[in-house]
Amino acid sequence: MLGSSPLAGVRVLEIDGAGGTYAGRLLAMLGADVVVATSDSATALDPFVAAGKRAVSPADVSRLAPAADVVIGRASAPLAGPRTITCAISPFGDTGPWAA
């Protein structure tokens with residue numbers, strides 16, 4: 001179908017900040033329906049990373065995660081359904097002085 005977005009109809013839940021904000025932004029640019037659940041108002045309201053996303057309360061994560069096609073966040077695996085793609089991003093690695 002000419003003019004359709006490559007990720008139209010894909011539901012993405014972005015759980016926490018760090019590297020996931022940019023990944024969620026890229027998926028939103030490709031047409032995915034991205035919902036960001038964060039208590040960090042600066043991340044939720046930043047014009048660049050928030051473009052194309054909807055913000056919800058972190059309390060909504062357990063309700064939204066089973067229906068998501070993709071879950072982005074360090075604690076994503078236990079919340080995801082059996083067919084959900086999970087992505088955990090740490091901007092400075094898992095070990096070391098700057099580990100997230």
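Y22 has its place in helix α1, where helices (H or I, at least four residues) and strands (E, at least two) are DSSP runs numbered from the N terminus. This is a predicted model, in which local features need pLDDT of at least 70 and side-chain atom pairs count only at pLDDT 80 or more, while totals for chains, interfaces and linings use all residues. Residues are numbered from 1 along each chain as its sequence is written, and side-chain values use heavy atoms, with hydrogens and water left out.

With a relative accessible area of 43%, Y22 is partly exposed; buried stands for under 20% relative accessible area, exposed for over 50%, and partly exposed for what lies in between (1.4 Å probe, protein chains only). Together with L26, M29 and F48, Y22 forms a nonpolar patch on the surface that has about 400 Å² of accessible area. Such patches are made of residues with over 30% relative accessible area and no salt bridge, nonpolar side chains (Val, Leu, Ile, Met, Phe, Trp, Tyr) being joined within 5 Å and like charges within 9 Å. Helix α1, residues 20–29, gives the largest share of the nonpolar patch, namely 3 residues.

## Overall fold

The protein has 4 helices and 5 strands, which follow one another along the sequence in the pattern β-α-β-α-α-β-α-β-β. Of its 100 residues, 31% are buried. Among contacts (heavy atoms within 4.5 Å) with a separation of 6 or more, 40% are between residues 24 or more positions apart. The protein exposes about 6,000 Å², of which carbon and sulfur atoms supply 61%; accessible areas come from the Shrake-Rupley method with a 1.4 Å probe, and for residues only the protein chains shown count as cover.

## Nonpolar cores

In soluble globular proteins, nonpolar side chains tend to be buried together. A nonpolar core is here a set of buried Ala, Val, Leu, Ile, Met, Phe, Trp, Tyr and Cys residues joined through side-chain atoms within 4.5 Å. The largest nonpolar core has 8 residues: L13, I15, V35, A37, V61, A65, A68 and V71. A second, separate core has 7 residues, including V12, A23, A28 and I72.

Leaving aside neighbours within four places in sequence, A65 is in contact with L13 and V71, and also with L79 and T84.

## Salt bridges

Side chains of opposite charge can pair when their charged atoms come close. The structure holds 4 salt bridges, each a side-chain nitrogen of Lys or Arg within 4 Å of a carboxyl oxygen of Asp or Glu. In one of them, D69 pairs with R11, and the closest N and O atoms are 3.8 Å apart. Because D69 lies in the loop between α4 (61–64) and β4 (70–72) and R11 in strand β1, this pair ties together parts that are 58 residues apart in sequence. D69 is partly exposed at a relative accessible area of 28%, and R11 is also partly exposed, at 42%.

K53 and E14 meet through their side chains in a salt bridge of 2.7 Å, N to O, which links distant parts of the chain, K53 being in strand β3 (residues 53–56) and E14 in strand β1, 39 residues apart. Both K53 and E14 are buried, with E14 at 0% relative accessibility.
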